[in-house]
Amino acid sequence: MPPRTRPIEKFAAAVGKCSLESSAYGKCIFADYQNVRKDKCLTEFLRFKECYMAAYRAGK
Amino acid sequence: MKAISVCALIPRPALRRPALRGYRRYAVQSPGAPTIEVFNNHTKWLQKERAAKDAEKSRQVDYLRDEVASRLCERLLDIKRNFPCVLDLGANACNIAYSLSKPNPYQAEDDLPLSTRIENLTCAESSETLLNRDVSLPFNDALSITRDVLPSLESLPYEPNAFDAVLSSLSLHWINDLPSVLAQINTVLKPDGPFLGVMFGGDTLFELRTSLQLAELDRRGGVSTHTSPLANVSDVGGLLQRAGFKLLTVDVDDIIIDYPNSFALMQDLQAMGESNAVLGREAAGIRRDVLAAADAIYRELHGNQDGSVPATFRLIYMIGWKESPNQAKPLSRGSGMVSIKDVLEGKGDKGGKEGDS
C-alpha cells in the first residue's frame with residue numbers, strides 16, 4: 001500500500017516553501033510581540049498566504 | 001410566538017414551590033465524584049485508540065515515552081529492594097515494562113536488568129489498543145505482565161495494600177482529579193511502598209503555546225485553548241503531601257527536542273495520542289491560517305540557527321512513600337549536628353547518617 005499523504009502534510013510542505021515570506025511575517029509579529037492585536041501584520045500575512053497557497057496548488 | 005412557547009415551559013410559582021422544596025440539599029460534595037473537570041476523558045481515549053491503530057507510526061514516536069520511562073526506572077534502581085507486585089498506572093504501550101527489561105548500564109557488578117527484581121507488573125491503561133500494541137514483542141518475556149484495561153484511570157479498582165510499588169509515566173497530566181488519584185495510589189500501596197511518577201508540567205511546549213496564542217491574536221483577534229493546563233513543581237509537592245505520602249522527592253528535568261517545523265511537532269503529538277483534549281476546546285480544531293502563522297512565529301521567536309524548531313518538555317518526577325511505623329523519619333528541625341557543606345566537601349570526619357532507602 002503506498003503511503004497516503006495527508007492534506008496537512010501537503011500544507012506543511014507548501015508553508016515550508018515560503019521561508020522568505022514566513023520570516024517577514026514572523027519578524028513583524030516579533031517586533032512588538034507584547035502588543036499584538038487583530039490584523040497587526042495583515043499585509044505580511046497576505047503575502048505569506050498568497051505564496052503558500054500557490055505552492056499548495058502547485059503541489060497537487 | 002417564541003415568547004409564548006417559552007412562557008409555557010415555565011411553571012407558575014405555586015406549582016414550582018413544592019418541587020423546589022423536594023430537591024433542596026445541603027451543598028456537600030458527594031464522595032468520589034470528580035471535583036473538577038478539565039479534560040474530556042472520552043476524547044482522550046479516542047485519540048489514544050486512533051493513534052495506536054497505526055502501530056508503526058505509534059512506535060516511531062515512542063522516543064519521548066521510552067526516554068522518560070528509562071529515566072524513571074533509573075530512579076527505581078536507587079531502591080535496593082525486590083518488588084513482588086508493581087502497578088504501572090497509565091502504562092501507555094507498557095513503556096515502563098520495556099525499559100525495565102533493558103540491561104542495566106549503571107551497575108557494573110550487577111548487570112541484571114531491573115525486571116529481575118519485579119515478579120509481576122500490572123499495566124493499567126484506558127486505551128486497549130495502545131496497551132496491547134506491543135503484546136507480541138520480546139520484552140514481554142522478561143517479566144510477567146498483567147494488562148488491565150480500566151474504564152477510567154480516575155478510579156482504581158484495586159484492593160488496599162495490594163502493591164509493593166506504583167509507577168506512573170506520562171499519564172498523570174491527563175487526570176482530572178489528581179488529588180483523588182494520588183490518594184487512591186497511596187491506598188493501594190503497601191505500607192512503606194514507594195510511588196514513583198513522572199508527568200508533564202509547567203513550561204511543557206511553551207514555544208508552541210506562545211506561538212499559537214500570538215498567531216490567533218493576529219489572525220482572529222482572540223485566544224482559545226490549544227494546550228492543557230499543567231501542574232507546577234510547587235503544586236506537585238503539595239499534592240503528594242495532601243495525598244498522605246511521606247519522604248517526598250520532587251525534581252524537574254527538561255527534554256528539548258528539535259523538530260523540522262511546528263507541523264512535525266504537532267503530527268508527532270497526535271501520533272502519541274497527546275492531542276488537545278481540554279473540555280470546551282474548539283471542535284473544529286485550529287484553522288490553517290492560524291497554523292501557518294504559528295509556524296512562522298515559532299521559527300522567528302524560538303527557532304534554532306539551523307532552521308529547526310525546539311520543543312521543551314518539562315518533566316516533573318515525584319517520589320513519595322506510603323507511611324509506615326518502621327520507616328525512617330526526618331529528624332526534628334534544628335537537631336542536625338553535622339554540616340552538610342563539610343560532608344560534601346570531604347572535610348567532615350564522619351559522613352551524615354544515611355537513610356536505608
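This is a predicted model: local features need pLDDT of at least 70, side-chain atom pairs count only at pLDDT 80 or more; totals for chains, interfaces and linings use all residues.
## Overall features of chain B

Chain B contains 13 helices and seven strands. Its length is 357 residues, of which 47% count as buried. Among the contacts in chain B with a separation of 6 or more, 84% are accounted for by residues 24 or more positions apart.

B:Gln184 and B:Glu154 are 30 residues apart in sequence, and their C-alpha atoms are 8.9 Å apart in space. With neighbours within four places in sequence left aside, B:Gln184 is in contact with B:Glu154, B:Ser155 and B:Leu156.

B:Glu49 belongs to helix 3 of chain B, which covers residues 41-53. The residue is buried yet has no salt bridge. The nearest side chain of opposite charge is that of B:Lys53, 4.6 Å away; this does not count as a salt bridge because the cut-off is 4 Å.

The side chain of B:Glu49 does, however, have a polar contact of 2.4 Å with the side chain of B:Thr129. Apart from residues up to four places away in sequence, B:Glu49 touches B:Ser127, B:Glu128 and B:Thr129.

B:Lys322 lies in strand 7 of chain B (residues 309-322). Like B:Glu49, which is buried yet has no salt bridge, B:Lys322 is buried and has no salt bridge. Its nearest side chain of opposite charge, B:Glu323, is 9.1 Å away.

A polar atom of the B:Lys322 side chain lies 2.9 Å from the backbone oxygen of B:Leu189. When residues up to four places away in sequence are not counted, B:Lys322 touches B:Asn186, B:Thr187, B:Leu189, B:Lys190, B:Pro191, B:Asp192 and B:Gly193, and also B:Asn161, B:Phe245 and B:Gln327.

## Aromatic pairs

Over all chains, the structure holds 13 aromatic pairs. One of them joins A:Phe30 and A:Tyr33 in a stacked arrangement, with 5.5 Å centre to centre and 5° between the planes. Both partners are partly exposed: A:Phe30 has a relative accessible area of 37%, and A:Tyr33 has one of 38%.

In chain B, B:Tyr158 and B:Phe163 form an edge-to-face pair, with 5.2 Å centre to centre and 85° between the planes. B:Tyr158 counts as buried at 17% relative accessibility, because the term applies under 20%. B:Phe163 also counts as buried, at 3% relative accessibility.

## A ring cluster and charges over rings

Ring pairs link residues of both chains into a cluster, made up of A:Phe11, A:Tyr25, A:Phe45, A:Phe48, A:Tyr52, A:Tyr56 and B:Phe263. A:Tyr56, one of the members of this cluster, also has a lysine over its ring: the charged end of A:Lys10 sits 4.6 Å from the ring centre.

A lysine is likewise placed over a ring in chain B, where B:Lys44 lies over the face of B:Trp174, at 3.8 Å from the ring centre.

Technical notes:
Residues are numbered from 1 along each chain as its sequence is written. Chains are lettered from A and ligands numbered from 1 in the order in which they are written. Side-chain values use heavy atoms; hydrogens and water are left out. Helices (H or I, at least four residues) and strands (E, at least two) are DSSP runs, numbered from the N terminus. Buried means under 20% relative accessible area, exposed over 50%, partly exposed in between (1.4 Å probe, protein chains only). Lys and Arg count as positive and Asp and Glu as negative; His and the chain ends are not counted. A polar contact is a pair of N or O atoms within 3.5 Å; within protein, one must be able to donate a hydrogen and the other to accept it, and residues adjacent in sequence count only if both atoms are side-chain atoms. Contact means heavy atoms within 4.5 Å. Rings of Phe, Tyr and Trp (its six-membered ring) pair if their centres lie within 6.5 Å; planes under 30 degrees apart count as stacked, over 60 as edge-to-face and the rest as tilted. A charge sits over a ring if NZ of Lys or CZ of Arg is within 6 Å of the ring centre and within 35 degrees of the ring normal.
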